[in-house]
Amino acid sequence: MKKSALQRVRAEYQPKLPKSLQGPVKLKVGKATESVANQEDIKNLFPHTYGMPVVEFERDENPSRLEEPFNVGIILSGGQAPGGHNVVSGIFDGIKSLNRESRLYGFLMGPSGFIKHQYMELTAGYIKEYRNTGGFDIIGSGRTKLETPEQFESGLKILKELDIKALVIIGGDDSNTNAAVLAEYYKSKGEDIQVIGVPKTIDGDLKNEWIEASFGFDTACKVYSEVIGNIQRDCNSAKKYYHFIKLMGRSASHIALECALQTQPNYCIISEEVQAKRMTLDNIVSALCYMIAERAKLGWNFGTVLVPEGLIEFIPSMKKLIQEMNDVLVEYAAELEGLEELDKLRAIHSHLSEGNKELFKSLPKDIALQLSLDRDSHGNVQVSLIDTESLISRMVAKRLEEMEEEGQYSGKFATQHHFFGYEGRCADPSNFDADYTYSLGFNAAMLINAGLTGYMSSVRNLTDKPENWIAGGIPITMMMNMEKRHGEMKPVIQKALVNLNGKPYLKFASMRDTLMLNTLYQYPGPIQYFGPAEVCDRPSMTLLLEHGKEV
(Lines give C-alpha, C1' and ligand atoms only; values in the text may rest on other atoms or scores of the structure.)
Protein backbone atom coordinates (compact mmCIF):
# COMPACT_ATOMS: atom_id res chain seq x y z
CA MET A 1 0.00 0.00 0.00
CA LYS A 2 1.35 3.42 -0.93
CA LYS A 3 2.21 5.68 2.01
CA SER A 4 1.54 9.38 2.29
CA ALA A 5 4.41 11.82 1.88
CA LEU A 6 4.49 12.45 5.65
CA GLN A 7 4.48 8.72 6.43
CA ARG A 8 7.45 8.14 4.14
CA VAL A 9 9.55 10.92 5.64
CA ARG A 10 8.42 10.30 9.22
CA ALA A 11 9.50 6.65 9.00
CA GLU A 12 13.10 7.84 8.82
CA TYR A 13 12.95 9.74 12.14
CA GLN A 14 15.35 8.28 14.70
CA PRO A 15 14.02 8.81 18.23
CA LYS A 16 16.47 10.18 20.77
CA LEU A 17 17.66 8.19 23.79
CA PRO A 18 18.98 9.31 27.19
CA LYS A 19 22.79 9.15 27.43
CA SER A 20 22.49 6.51 30.14
CA LEU A 21 20.88 4.09 27.66
CA GLN A 22 23.36 4.69 24.84
CA GLY A 23 25.56 1.66 25.39
CA PRO A 24 26.07 -0.85 28.23
CA VAL A 25 24.28 0.04 31.46
CA LYS A 26 24.66 -0.69 35.15
CA LEU A 27 22.03 -0.51 37.86
CA LYS A 28 22.00 2.05 40.65
CA VAL A 29 19.74 0.83 43.47
CA GLY A 30 17.88 3.29 45.71
CA LYS A 31 16.00 2.94 48.97
CA ALA A 32 13.15 0.57 49.76
CA THR A 33 9.67 1.91 48.98
CA GLU A 34 6.14 1.67 50.33
CA SER A 35 2.72 2.19 48.77
CA VAL A 36 1.16 5.67 48.68
CA ALA A 37 -1.59 4.53 51.10
CA ASN A 38 -2.99 1.46 52.86
CA GLN A 39 0.55 0.15 53.39
CA GLU A 40 -0.35 -2.90 55.47
CA ASP A 41 -3.12 -4.00 53.11
CA ILE A 42 -0.93 -3.64 50.01
CA LYS A 43 2.00 -5.35 51.72
CA ASN A 44 -0.19 -8.32 52.68
CA LEU A 45 -1.52 -8.63 49.14
CA PHE A 46 1.94 -8.34 47.52
CA PRO A 47 4.34 -10.06 49.97
CA HIS A 48 6.85 -11.00 47.23
CA THR A 49 6.98 -7.68 45.33
CA TYR A 50 6.26 -5.04 47.98
CA GLY A 51 8.91 -2.64 49.23
CA MET A 52 11.36 -3.08 46.36
CA PRO A 53 13.71 -0.14 45.68
CA VAL A 54 13.58 2.53 43.00
CA VAL A 55 16.33 1.85 40.43
CA GLU A 56 18.21 4.04 37.97
CA PHE A 57 20.47 3.20 35.02
CA GLU A 58 23.94 4.61 34.49
CA ARG A 59 26.33 4.02 31.64
CA ASP A 60 28.69 1.12 32.30
CA GLU A 61 32.13 2.14 31.09
CA ASN A 62 33.60 -1.29 31.86
CA PRO A 63 31.06 -3.95 30.85
CA SER A 64 32.29 -7.38 31.83
CA ARG A 65 29.62 -9.90 30.85
CA LEU A 66 28.30 -11.22 27.57
CA GLU A 67 24.51 -11.08 27.53
CA GLU A 68 22.61 -14.28 26.79
CA PRO A 69 19.70 -14.11 24.33
CA PHE A 70 16.22 -13.94 25.83
CA ASN A 71 12.65 -13.73 24.54
CA VAL A 72 10.10 -11.10 25.50
CA GLY A 73 6.30 -10.94 25.10
CA ILE A 74 4.29 -7.73 24.91
CA ILE A 75 0.64 -6.80 25.44
CA LEU A 76 -0.98 -3.53 24.35
CA SER A 77 -3.80 -3.07 26.86
CA GLY A 78 -6.72 -0.67 27.00
CA GLY A 79 -7.36 2.37 24.84
CA GLN A 80 -4.89 3.52 22.23
CA ALA A 81 -2.37 6.31 22.86
CA PRO A 82 0.07 7.95 20.43
CA GLY A 83 3.52 6.40 20.67
CA GLY A 84 2.61 2.79 21.44
CA HIS A 85 4.39 1.57 18.33
CA ASN A 86 7.57 3.32 19.44
CA VAL A 87 7.42 1.53 22.79
CA VAL A 88 7.39 -1.73 20.84
CA SER A 89 10.26 -0.48 18.63
CA GLY A 90 12.25 0.54 21.70
CA ILE A 91 11.80 -2.86 23.35
CA PHE A 92 12.82 -4.59 20.12
CA ASP A 93 15.93 -2.45 19.65
CA GLY A 94 16.77 -2.79 23.34
CA ILE A 95 16.76 -6.57 23.45
CA LYS A 96 18.57 -6.78 20.10
CA SER A 97 21.28 -4.42 21.40
CA LEU A 98 21.92 -6.92 24.19
CA ASN A 99 21.92 -9.98 21.95
CA ARG A 100 20.91 -10.25 18.30
CA GLU A 101 19.37 -13.67 18.96
CA SER A 102 16.75 -12.28 21.37
CA ARG A 103 13.19 -12.46 20.05
CA LEU A 104 10.04 -10.40 20.56
CA TYR A 105 6.48 -11.78 20.52
CA GLY A 106 3.28 -9.75 20.49
CA PHE A 107 0.03 -11.08 21.90
CA LEU A 108 -2.85 -10.16 19.62
CA MET A 109 -5.75 -7.88 20.58
CA GLY A 110 -4.65 -7.24 24.14
CA PRO A 111 -4.72 -9.52 27.20
CA SER A 112 -7.18 -11.89 25.51
CA GLY A 113 -4.43 -12.90 23.06
CA PHE A 114 -2.23 -13.77 26.01
CA ILE A 115 -4.95 -15.93 27.58
CA LYS A 116 -5.98 -17.58 24.28
CA HIS A 117 -2.40 -18.05 22.97
CA GLN A 118 -2.88 -15.81 19.95
CA TYR A 119 0.45 -14.22 19.09
CA MET A 120 2.97 -13.38 16.39
CA GLU A 121 6.71 -12.87 16.32
CA LEU A 122 7.66 -9.25 15.69
CA THR A 123 10.57 -9.09 13.27
CA ALA A 124 12.73 -6.18 12.15
CA GLY A 125 10.97 -5.95 8.80
CA TYR A 126 7.51 -5.97 10.34
CA ILE A 127 8.33 -3.39 13.03
CA LYS A 128 9.94 -1.08 10.47
CA GLU A 129 6.51 -0.37 8.97
CA TYR A 130 5.21 0.96 12.30
CA ARG A 131 8.01 3.14 13.65
CA ASN A 132 6.89 6.68 14.57
CA THR A 133 3.28 5.95 13.64
CA GLY A 134 0.13 6.31 15.72
CA GLY A 135 -2.26 3.59 16.80
CA PHE A 136 -1.90 0.13 18.29
CA ASP A 137 -2.59 -1.73 15.05
CA ILE A 138 0.81 -3.45 15.06
CA ILE A 139 -0.79 -6.21 17.19
CA GLY A 140 -4.09 -4.67 18.31
CA SER A 141 -5.33 -3.85 21.80
CA GLY A 142 -8.14 -4.94 24.10
CA ARG A 143 -9.69 -4.34 27.52
CA THR A 144 -9.80 -7.88 28.95
CA LYS A 145 -8.74 -7.79 32.60
CA LEU A 146 -6.00 -10.12 33.84
CA GLU A 147 -7.27 -11.01 37.30
CA THR A 148 -7.87 -14.74 37.80
CA PRO A 149 -5.45 -17.62 38.49
CA GLU A 150 -6.94 -19.47 35.52
CA GLN A 151 -5.92 -16.61 33.20
CA PHE A 152 -2.46 -16.43 34.76
CA GLU A 153 -1.94 -20.17 34.33
CA SER A 154 -3.15 -20.11 30.73
CA GLY A 155 -0.71 -17.28 30.00
CA LEU A 156 2.10 -19.12 31.78
CA LYS A 157 1.63 -22.08 29.47
CA ILE A 158 2.31 -20.03 26.31
CA LEU A 159 5.16 -18.12 27.97
CA LYS A 160 6.90 -21.40 28.69
CA GLU A 161 6.11 -22.77 25.24
CA LEU A 162 7.76 -19.73 23.60
CA ASP A 163 10.57 -19.63 26.20
CA ILE A 164 9.58 -16.06 27.09
CA LYS A 165 11.55 -14.61 29.98
CA ALA A 166 9.48 -11.47 30.53
CA LEU A 167 6.11 -9.97 29.69
CA VAL A 168 5.73 -6.22 29.11
CA ILE A 169 2.24 -4.79 29.64
CA ILE A 170 1.76 -1.40 27.98
CA GLY A 171 -1.29 0.22 29.53
CA GLY A 172 -2.92 2.63 31.96
CA ASP A 173 -3.47 2.44 35.70
CA ASP A 174 -5.78 -0.58 35.64
CA SER A 175 -3.58 -2.47 33.16
CA ASN A 176 -0.47 -1.78 35.23
CA THR A 177 -2.33 -2.85 38.38
CA ASN A 178 -2.94 -6.13 36.54
CA ALA A 179 0.79 -6.26 35.74
CA ALA A 180 1.60 -5.96 39.45
CA VAL A 181 -0.88 -8.73 40.33
CA LEU A 182 0.58 -10.96 37.61
CA ALA A 183 4.16 -10.32 38.75
CA GLU A 184 3.19 -11.19 42.34
CA TYR A 185 1.40 -14.36 41.23
CA TYR A 186 4.34 -15.73 39.22
CA LYS A 187 6.76 -14.81 42.00
CA SER A 188 4.60 -16.57 44.60
CA LYS A 189 4.57 -19.70 42.43
CA GLY A 190 8.34 -19.64 42.04
CA GLU A 191 8.05 -19.12 38.28
CA ASP A 192 11.01 -17.39 36.63
CA ILE A 193 8.82 -14.97 34.66
CA GLN A 194 9.27 -11.20 34.89
CA VAL A 195 6.49 -8.64 34.36
CA ILE A 196 7.24 -5.01 33.47
CA GLY A 197 4.71 -2.18 32.99
CA VAL A 198 4.84 0.89 30.73
CA PRO A 199 2.74 3.99 31.63
CA LYS A 200 0.19 4.73 28.90
CA THR A 201 -2.90 6.95 28.93
CA ILE A 202 -3.80 10.14 27.12
CA ASP A 203 -5.83 11.13 30.20
CA GLY A 204 -2.61 12.09 32.00
CA ASP A 205 -3.75 10.63 35.35
CA LEU A 206 -0.98 8.02 35.62
CA LYS A 207 1.86 10.06 37.03
CA ASN A 208 3.81 10.94 40.14
CA GLU A 209 7.33 12.07 41.09
CA TRP A 210 8.86 9.17 39.16
CA ILE A 211 6.39 8.95 36.26
CA GLU A 212 6.33 12.58 35.14
CA ALA A 213 3.96 11.93 32.25
CA SER A 214 2.01 9.06 30.75
CA PHE A 215 2.76 8.65 27.07
CA GLY A 216 0.27 9.93 24.51
CA PHE A 217 -0.92 12.88 26.61
CA ASP A 218 1.32 15.36 24.81
CA THR A 219 0.21 14.33 21.31
CA ALA A 220 -3.49 13.99 22.11
CA CYS A 221 -3.64 17.43 23.73
CA LYS A 222 -1.88 18.98 20.75
CA VAL A 223 -4.40 17.36 18.39
CA TYR A 224 -7.38 18.53 20.46
CA SER A 225 -5.90 22.00 20.88
CA GLU A 226 -5.45 22.35 17.12
CA VAL A 227 -9.14 21.56 16.55
CA ILE A 228 -10.30 23.76 19.45
CA GLY A 229 -8.23 26.57 17.94
CA ASN A 230 -9.91 26.00 14.57
CA ILE A 231 -13.35 26.10 16.22
CA GLN A 232 -12.41 29.30 18.05
CA ARG A 233 -11.33 30.92 14.80
CA ASP A 234 -14.70 29.98 13.32
CA CYS A 235 -16.46 31.10 16.49
CA ASN A 236 -14.78 34.51 16.37
CA SER A 237 -15.55 34.81 12.66
CA ALA A 238 -19.27 33.97 12.75
CA LYS A 239 -19.88 35.43 16.22
CA LYS A 240 -23.16 33.56 16.68
CA TYR A 241 -22.53 30.29 18.59
CA TYR A 242 -21.44 29.06 21.98
CA HIS A 243 -19.40 25.91 21.37
CA PHE A 244 -19.55 23.36 24.21
CA ILE A 245 -16.58 21.03 23.74
CA LYS A 246 -16.30 17.81 25.76
CA LEU A 247 -12.77 16.41 26.06
CA MET A 248 -11.51 12.99 27.13
CA GLY A 249 -10.55 12.51 30.75
CA ARG A 250 -12.79 10.15 32.70
CA SER A 251 -11.09 10.45 36.07
CA ALA A 252 -9.17 13.72 35.86
CA SER A 253 -9.24 17.05 34.01
CA HIS A 254 -5.62 17.12 32.83
CA ILE A 255 -6.60 17.18 29.12
CA ALA A 256 -9.14 19.97 29.58
CA LEU A 257 -6.63 22.01 31.60
CA GLU A 258 -3.79 21.51 29.09
CA CYS A 259 -6.07 22.44 26.18
CA ALA A 260 -7.28 25.52 28.08
CA LEU A 261 -3.68 26.61 28.62
CA GLN A 262 -2.94 26.12 24.91
CA THR A 263 -6.06 27.72 23.45
CA GLN A 264 -7.41 30.20 26.06
CA PRO A 265 -11.17 29.50 25.73
CA ASN A 266 -13.75 31.66 27.47
CA TYR A 267 -14.50 28.99 30.07
CA CYS A 268 -13.05 25.66 31.15
CA ILE A 269 -14.63 23.51 33.85
CA ILE A 270 -12.11 21.69 36.05
CA SER A 271 -13.75 18.65 37.66
CA GLU A 272 -11.40 18.61 40.65
CA GLU A 273 -12.33 22.22 41.45
CA VAL A 274 -16.03 21.37 41.23
CA GLN A 275 -15.51 18.56 43.73
CA ALA A 276 -13.31 20.59 46.09
CA LYS A 277 -15.82 23.46 46.20
CA ARG A 278 -18.75 21.03 46.42
CA MET A 279 -20.37 22.71 43.45
CA THR A 280 -23.73 21.61 42.10
CA LEU A 281 -24.92 21.55 38.51
CA ASP A 282 -26.82 24.69 39.38
CA ASN A 283 -23.60 26.43 40.48
CA ILE A 284 -21.91 25.56 37.17
CA VAL A 285 -24.90 26.78 35.18
CA SER A 286 -25.03 30.03 37.17
CA ALA A 287 -21.36 30.77 36.47
CA LEU A 288 -21.81 30.15 32.74
CA CYS A 289 -24.96 32.28 32.60
CA TYR A 290 -23.15 35.16 34.29
CA MET A 291 -20.41 34.99 31.66
CA ILE A 292 -22.88 34.74 28.77
CA ALA A 293 -24.97 37.67 30.07
CA GLU A 294 -21.89 39.87 30.57
CA ARG A 295 -20.54 39.05 27.10
CA ALA A 296 -23.98 39.82 25.62
CA LYS A 297 -23.75 43.32 27.12
CA LEU A 298 -20.64 43.81 24.97
CA GLY A 299 -22.49 42.54 21.89
CA TRP A 300 -20.69 39.17 21.98
CA ASN A 301 -23.14 36.28 21.70
CA PHE A 302 -20.47 33.67 21.14
CA GLY A 303 -17.81 31.78 23.05
CA THR A 304 -16.16 28.44 23.82
CA VAL A 305 -16.60 26.21 26.87
CA LEU A 306 -14.41 23.17 27.61
CA VAL A 307 -16.02 20.32 29.57
CA PRO A 308 -14.04 17.35 30.95
CA GLU A 309 -15.54 13.99 30.08
CA GLY A 310 -15.77 12.77 33.69
CA LEU A 311 -17.29 15.96 35.15
CA ILE A 312 -20.56 14.36 36.19
CA GLU A 313 -18.77 12.01 38.63
CA PHE A 314 -17.08 14.96 40.36
CA ILE A 315 -20.26 16.86 41.21
CA PRO A 316 -20.75 15.69 44.83
CA SER A 317 -24.52 15.17 44.56
CA MET A 318 -24.14 13.30 41.24
CA LYS A 319 -21.25 11.25 42.61
CA LYS A 320 -23.42 10.14 45.54
CA LEU A 321 -26.21 9.19 43.11
CA ILE A 322 -23.84 7.25 40.85
CA GLN A 323 -22.31 5.34 43.78
CA GLU A 324 -25.75 4.22 44.92
CA MET A 325 -26.76 3.37 41.36
CA ASN A 326 -23.63 1.21 41.00
CA ASP A 327 -24.83 -0.87 43.97
CA VAL A 328 -28.43 -0.97 42.70
CA LEU A 329 -27.35 -2.15 39.24
CA VAL A 330 -25.39 -5.02 40.82
CA GLU A 331 -27.87 -6.00 43.54
CA TYR A 332 -30.98 -5.87 41.31
CA ALA A 333 -29.37 -6.96 38.03
CA ALA A 334 -31.82 -9.85 37.55
CA GLU A 335 -34.83 -7.60 38.12
CA LEU A 336 -33.55 -4.91 35.72
CA GLU A 337 -32.51 -7.26 32.92
CA GLY A 338 -34.70 -7.02 29.84
CA LEU A 339 -36.84 -4.12 31.06
CA GLU A 340 -37.95 -1.42 28.64
CA GLU A 341 -36.30 1.98 29.10
CA LEU A 342 -39.02 3.67 31.16
CA ASP A 343 -39.63 0.56 33.26
CA LYS A 344 -35.91 0.30 33.98
CA LEU A 345 -35.77 3.94 35.11
CA ARG A 346 -38.80 3.43 37.37
CA ALA A 347 -37.26 0.28 38.87
CA ILE A 348 -33.94 2.01 39.56
CA HIS A 349 -35.79 5.00 41.02
CA SER A 350 -37.71 2.72 43.42
CA HIS A 351 -34.49 1.35 44.92
CA LEU A 352 -32.78 4.70 45.52
CA SER A 353 -32.67 6.61 48.81
CA GLU A 354 -34.95 9.66 49.12
CA GLY A 355 -32.35 12.34 48.28
CA ASN A 356 -31.06 10.46 45.26
CA LYS A 357 -34.61 9.70 44.07
CA GLU A 358 -35.29 13.42 43.74
CA LEU A 359 -32.06 14.12 41.83
CA PHE A 360 -32.54 11.11 39.52
CA LYS A 361 -36.10 12.18 38.72
CA SER A 362 -34.94 15.73 37.89
CA LEU A 363 -32.55 14.55 35.17
CA PRO A 364 -33.58 14.59 31.50
CA LYS A 365 -34.67 11.12 30.39
CA ASP A 366 -31.74 10.64 28.00
CA ILE A 367 -29.18 11.53 30.69
CA ALA A 368 -30.87 9.22 33.22
CA LEU A 369 -30.74 6.39 30.67
CA GLN A 370 -27.07 7.06 29.96
CA LEU A 371 -26.33 6.86 33.70
CA SER A 372 -28.21 3.55 33.79
CA LEU A 373 -26.06 1.85 31.16
CA ASP A 374 -24.02 -1.21 32.10
CA ARG A 375 -20.70 -0.34 33.72
CA ASP A 376 -17.39 -1.00 31.95
CA SER A 377 -15.10 -3.93 32.81
CA HIS A 378 -13.59 -1.97 35.70
CA GLY A 379 -16.97 -1.07 37.24
CA ASN A 380 -16.88 2.54 36.01
CA VAL A 381 -19.73 4.60 34.58
CA GLN A 382 -19.26 4.92 30.81
CA VAL A 383 -18.93 8.68 31.02
CA SER A 384 -17.98 9.06 27.35
CA LEU A 385 -21.58 8.03 26.53
CA ILE A 386 -23.09 10.70 28.78
CA ASP A 387 -23.83 13.93 26.90
CA THR A 388 -22.60 16.17 29.72
CA GLU A 389 -21.91 19.07 27.37
CA SER A 390 -25.49 18.88 26.07
CA LEU A 391 -26.94 18.60 29.57
CA ILE A 392 -25.12 21.75 30.69
CA SER A 393 -25.98 23.79 27.60
CA ARG A 394 -29.66 22.84 27.89
CA MET A 395 -29.72 23.89 31.54
CA VAL A 396 -27.97 27.14 30.59
CA ALA A 397 -30.54 27.82 27.85
CA LYS A 398 -33.40 27.26 30.29
CA ARG A 399 -31.83 29.54 32.90
CA LEU A 400 -31.18 32.29 30.32
CA GLU A 401 -34.86 32.20 29.34
CA GLU A 402 -35.77 32.80 32.98
CA MET A 403 -33.19 35.60 33.25
CA GLU A 404 -34.57 37.21 30.10
CA GLU A 405 -38.11 37.21 31.53
CA GLU A 406 -36.72 38.88 34.66
CA GLY A 407 -34.84 41.47 32.62
CA GLN A 408 -31.41 40.14 33.63
CA TYR A 409 -30.32 39.02 30.16
CA SER A 410 -30.67 40.34 26.66
CA GLY A 411 -28.91 38.41 23.94
CA LYS A 412 -28.96 35.43 21.61
CA PHE A 413 -27.89 31.97 22.75
CA ALA A 414 -27.28 29.33 20.07
CA THR A 415 -25.07 26.28 20.62
CA GLN A 416 -22.87 23.75 18.90
CA HIS A 417 -21.69 20.58 20.64
CA HIS A 418 -18.47 18.61 20.13
CA PHE A 419 -16.78 15.61 21.74
CA PHE A 420 -13.09 15.09 21.00
CA GLY A 421 -11.93 11.63 21.97
CA TYR A 422 -10.94 9.17 19.28
CA GLU A 423 -9.52 11.99 17.17
CA GLY A 424 -6.47 12.21 19.42
CA ARG A 425 -5.83 8.61 20.46
CA CYS A 426 -4.06 7.37 17.34
CA ALA A 427 -2.32 10.44 15.93
CA ASP A 428 1.28 10.14 14.80
CA PRO A 429 3.22 10.91 17.99
CA SER A 430 4.75 14.33 18.47
CA ASN A 431 8.55 14.41 18.61
CA PHE A 432 8.28 14.49 22.40
CA ASP A 433 6.08 11.39 22.52
CA ALA A 434 8.10 9.62 19.81
CA ASP A 435 11.30 10.10 21.86
CA TYR A 436 9.65 9.41 25.21
CA THR A 437 7.93 6.19 24.17
CA TYR A 438 11.01 4.83 22.42
CA SER A 439 13.03 5.53 25.59
CA LEU A 440 10.36 3.86 27.76
CA GLY A 441 10.52 0.74 25.59
CA PHE A 442 14.32 0.60 25.39
CA ASN A 443 14.44 1.16 29.15
CA ALA A 444 11.96 -1.71 29.71
CA ALA A 445 14.39 -4.02 27.91
CA MET A 446 17.14 -2.96 30.32
CA LEU A 447 14.85 -3.59 33.33
CA ILE A 448 14.24 -7.10 32.03
CA ASN A 449 17.95 -7.71 31.53
CA ALA A 450 18.53 -6.55 35.12
CA GLY A 451 16.26 -9.37 36.31
CA LEU A 452 13.53 -7.12 37.73
CA THR A 453 9.81 -7.85 37.97
CA GLY A 454 6.80 -5.87 39.17
CA TYR A 455 8.44 -2.63 37.97
CA MET A 456 7.19 0.20 35.77
CA SER A 457 9.51 1.75 33.20
CA SER A 458 10.37 5.28 34.32
CA VAL A 459 12.01 8.07 32.30
CA ARG A 460 12.32 11.40 34.13
CA ASN A 461 13.68 14.94 33.77
CA LEU A 462 11.45 15.29 30.72
CA THR A 463 11.66 19.07 30.31
CA ASP A 464 15.38 18.80 29.58
CA LYS A 465 16.89 17.53 26.33
CA PRO A 466 16.28 13.79 25.79
CA GLU A 467 19.98 13.04 26.20
CA ASN A 468 19.66 14.29 29.80
CA TRP A 469 16.58 12.25 30.66
CA ILE A 470 16.96 9.88 33.62
CA ALA A 471 16.06 6.23 32.96
CA GLY A 472 15.14 3.60 35.53
CA GLY A 473 12.20 1.88 37.16
CA ILE A 474 9.82 2.04 40.13
CA PRO A 475 7.93 -0.80 41.84
CA ILE A 476 4.30 -0.72 40.74
CA THR A 477 3.19 -1.43 44.33
CA MET A 478 4.70 1.95 45.27
CA MET A 479 1.84 3.66 43.37
CA MET A 480 -1.01 1.62 44.85
CA ASN A 481 -3.84 2.13 47.32
CA MET A 482 -7.13 0.36 48.11
CA GLU A 483 -10.34 1.44 46.36
CA LYS A 484 -13.87 0.09 46.12
CA ARG A 485 -14.52 -1.72 42.82
CA HIS A 486 -17.67 -3.76 42.12
CA GLY A 487 -18.56 -3.48 45.80
CA GLU A 488 -15.20 -4.84 47.04
CA MET A 489 -11.98 -3.18 48.19
CA LYS A 490 -9.28 -3.79 45.58
CA PRO A 491 -5.62 -2.77 45.21
CA VAL A 492 -5.27 -0.25 42.36
CA ILE A 493 -2.81 2.38 41.20
CA GLN A 494 -3.82 5.71 42.69
CA LYS A 495 -5.00 8.16 40.03
CA ALA A 496 -3.25 11.52 39.80
CA LEU A 497 -5.87 14.26 39.74
CA VAL A 498 -5.35 17.91 38.83
CA ASN A 499 -3.55 19.53 41.77
CA LEU A 500 -5.45 22.69 42.69
CA ASN A 501 -2.27 24.02 44.31
CA GLY A 502 -0.15 23.08 41.29
CA LYS A 503 1.33 25.56 38.85
CA PRO A 504 -0.67 24.47 35.76
CA TYR A 505 -4.02 25.01 37.51
CA LEU A 506 -2.90 28.26 39.18
CA LYS A 507 -1.70 29.60 35.82
CA PHE A 508 -5.11 28.94 34.29
CA ALA A 509 -6.97 30.29 37.34
CA SER A 510 -4.99 33.54 37.10
CA MET A 511 -6.31 34.07 33.55
CA ARG A 512 -9.87 32.88 34.04
CA ASP A 513 -11.73 36.13 34.71
CA THR A 514 -9.94 37.86 31.85
CA LEU A 515 -10.72 35.04 29.41
CA MET A 516 -14.42 34.99 30.34
CA LEU A 517 -15.08 38.61 29.44
CA ASN A 518 -12.65 38.99 26.55
CA THR A 519 -11.90 37.16 23.32
CA LEU A 520 -8.24 36.17 23.60
CA TYR A 521 -8.22 32.88 21.74
CA GLN A 522 -4.95 31.22 20.82
CA TYR A 523 -4.56 29.03 17.74
CA PRO A 524 -1.85 26.37 18.27
CA GLY A 525 -2.11 24.89 14.78
CA PRO A 526 -1.15 21.31 13.82
CA ILE A 527 1.66 19.26 15.37
CA GLN A 528 5.02 20.22 13.85
CA TYR A 529 7.48 17.39 13.18
CA PHE A 530 10.16 19.31 11.28
CA GLY A 531 11.67 22.65 12.18
CA PRO A 532 13.07 24.51 15.21
CA ALA A 533 13.33 22.44 18.39
CA GLU A 534 11.46 25.07 20.41
CA VAL A 535 8.44 24.38 18.19
CA CYS A 536 8.81 20.68 17.32
CA ASP A 537 10.21 19.19 20.53
CA ARG A 538 8.27 21.32 23.02
CA PRO A 539 6.58 19.24 25.75
CA SER A 540 3.11 20.00 27.13
CA MET A 541 2.50 23.25 29.00
CA THR A 542 1.43 21.17 32.00
CA LEU A 543 4.83 19.47 32.18
CA LEU A 544 6.71 22.74 31.68
CA LEU A 545 4.76 24.52 34.40
CA GLU A 546 5.10 21.60 36.82
CA HIS A 547 8.87 21.91 36.45
CA GLY A 548 8.90 25.68 36.84
CA LYS A 549 9.69 26.39 33.19
CA GLU A 550 8.48 29.28 31.05
CA VAL A 551 5.48 28.68 28.77
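Arg131 and Asp93 form a salt bridge, with their closest N and O atoms 2.9 Å apart. A salt bridge here is a side-chain nitrogen of Lys or Arg within 4 Å of a carboxyl oxygen of Asp or Glu. The pair links distant parts of the chain, 38 residues apart: Arg131 sits in the loop between α5 (124-128) and α6 (149-161), and Asp93 sits in helix α3 (residues 84-98). This is a predicted model, in which local features need pLDDT of at least 70 and side-chain atom pairs count only at pLDDT 80 or more, while totals for chains, interfaces and linings use all residues. Residues are numbered from 1 along each chain as its sequence is written, and side-chain values use heavy atoms, leaving out hydrogens and water.

- Helices (H or I, at least four residues) and strands (E, at least two) are DSSP runs, numbered from the N terminus.
- Buried means under 20% relative accessible area, exposed means over 50%, and partly exposed lies in between (1.4 Å probe, protein chains only).

**Salt bridges**

- The structure holds 23 salt bridges.
- Asp93, the partner of Arg131, counts as buried at 18% relative accessibility.
- Another salt bridge joins Arg394 to Asp366, where the closest N and O atoms are 3.1 Å apart.
- Arg394 lies in helix α17 (residues 388-405) and Asp366 in helix α16 (residues 365-371), so this pair ties together parts that are 28 residues apart in sequence.
- Both partners are partly exposed: Arg394 has a relative accessible area of 36%, and Asp366 comes in at 31%.
- Arg399 forms a salt bridge with Glu402, with 4.0 Å between the closest N and O atoms.
- Arg399 and Glu402 are both in helix α17, three residues apart, which is about one turn of the helix.
- Glu402 counts as partly exposed, at 36% relative accessibility.

**A charged residue without a salt bridge**

- Arg10 is found in helix α1 (residues 5-10).
- Arg10 is buried yet has no salt bridge, and the nearest side chain of opposite charge, Asp428, is 5.9 Å away.
- For charges, Lys and Arg count as positive and Asp and Glu as negative, while His and the chain ends are not counted.
- Leaving aside neighbours within four places in sequence, Arg10 is in contact (heavy atoms within 4.5 Å) with Asn132, Pro429, Ser430, Asn431, Ala434 and Tyr529.

- Asn86 is found in helix α3 and is buried, with a relative accessible area of 1%.
- The C-alpha atoms of Asn86 and Pro15 are separated by 8.6 Å, although these residues are 71 residues apart along the chain.
- Beyond its neighbours within four places in sequence, Asn86 is in contact with residues including Pro15, Arg131, Asn132 and Ala434.

**Nonpolar cores**

- In soluble globular proteins, nonpolar side chains tend to be buried together.
- A nonpolar core is a set of buried Ala, Val, Leu, Ile, Met, Phe, Trp, Tyr and Cys residues joined through side-chain atoms within 4.5 Å.
- The largest nonpolar core has 111 residues, and those with the most contacts inside it are Ile91, Leu104, Phe114, Tyr186, Leu247 and Tyr436.
- Helix α19 (residues 431-449) gives this core its largest share, 10 residues.
- Leu247 is in contact with residues including Tyr224, Ile228, Phe419 and Phe420, with neighbours within four places in sequence left aside.
- Apart from this core lies another, of 46 residues, among them Ile269, Cys289, Ile348 and Leu359.

**A nonpolar patch on the surface**

- Leu6, Val9 and Phe530 form a nonpolar patch on the surface, with about 260 Å² of accessible area together.
- Patches are made of residues with over 30% relative accessible area and no salt bridge; like charges are joined within 9 Å, and nonpolar side chains (Val, Leu, Ile, Met, Phe, Trp, Tyr) within 5 Å.
- Accessible areas come from the Shrake-Rupley method with a 1.4 Å probe, and for residues only the protein chains shown count as cover.
- Leu6 is found in helix α1 and counts as partly exposed at 34% relative accessibility.

**Positive phi angles**

- Most residues other than glycine have a negative phi.
- His117 has a positive phi of about 65 degrees although it is not a glycine, and it is found in the loop between α4 (111-116) and β5 (119-121).
- Asn461 also has a positive phi of about 65 degrees without being a glycine, and it is found in the loop between β12 (455-460) and β13 (470-475).
- His117 is partly exposed at 25% relative accessible area, and Asn461 is partly exposed at 26%.
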